[in-house]
Amino acid sequence: MRHNQTAEGKSVRLLRVAEQIRHALAEVLMRGEVHDDVLQSHSISVTEARVSPDLRHATIFVKALGDTDEAAVLAALKKNVRYLRGEVARRISTKYAPDLKFLRDESFDEAGRIDALLRSPKVARDLRDEDSDD
């Protein structure tokens, strides 16, 4: 393992730039700097950013909080991508402003599905059987 990579093999620089992009977008959305009715009326969490090795493309994972229409939020983000890209370029210091691609973060749904499986009666029964064997 090289000294400038994490245990997963990802470059520390890529992770740092991705985190800076995530913070910049979260700040812009939190302050309501985007003049879009949908974005101003919804709470949006920027959960993760992934950057390509050449730093020209960034995939941003977002989650609309509460019972909201996530498709409308994603559409509004995509509609305002030029403004958001400009704000990111102003707030981080890289040679190029990365192209932003917004995707729905499905990790919360997956965690809920796993939690529901672990709480199911069938799994609870199996766990009780294992405890009685010990």
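I took buried as under 20% relative accessible area, exposed as over 50% and partly exposed as in between, with a 1.4 Å probe and protein chains only. Helices (H or I, at least four residues) and strands (E, at least two) are DSSP runs, numbered from the N terminus.

**Ground rules.** I am working on a predicted model, in which local features need pLDDT of at least 70, side-chain atom pairs count only at pLDDT 80 or more, and totals for chains, interfaces and linings use all residues. Residues are numbered from 1 along each chain as its sequence is written, and side-chain values use heavy atoms, with hydrogens and water left out.

**Overview.** I found 6 helices and 3 strands, in the sequence order α-α-β-β-α-α-β-α-α. The protein has 134 residues, and 30% of them are buried. For contacts (heavy atoms within 4.5 Å), I looked at pairs with a separation of 6 or more: 61% of these join residues 24 or more positions apart.

**Helix H1.** I checked its length, taking the expected span as 1.5 Å times one less than the number of residues. The 20 residues of H1 (12-31) should span 28 Å, and the end C-alpha atoms are 29 Å apart, which agrees.

I then looked up burial in H1: the buried residues are Leu-14, Val-17, Ala-18, Ile-21, Arg-22, Ala-24, Leu-25, Val-28 and Leu-29. Seen down the axis of H1, they fall within an arc of 165°, so they line one face of the helix; the arc is that of the directions from the helix axis to the C-beta atoms. Met-30 and Arg-31 are exposed on the face turned away from the buried side.

The cover over the buried residues of H1 includes helices H2 (37-41), H3 (70-79) and H4 (81-91), as well as strands S1 (44-51), S2 (57-64) and S3 (99-104).

At the ends of H1, I noted two details. Ser-11 caps the N-terminal end, with a side-chain oxygen 3.2 Å from the backbone nitrogen of Arg-13.

**Strands.** I counted two strands as paired if DSSP finds at least two bridges between them. S1 and S2 run antiparallel and are joined by 7 bridges; Ile-44 stands opposite Ala-64 in S2. Their hairpin has 5 residues between the strands, and Leu-55 takes a positive phi near 65° there.

S2 also pairs with S3, in the parallel sense, over 6 bridges. His-57 has Asp-99 in S3 as its bridge partner. In S2, 6 of the 8 residues are buried, so I recorded the strand as largely enclosed by the rest of the structure.

Terms used:
Polar contact = N/O pair within 3.5 Å; in protein donor to acceptor, adjacent residues only side chain to side chain.
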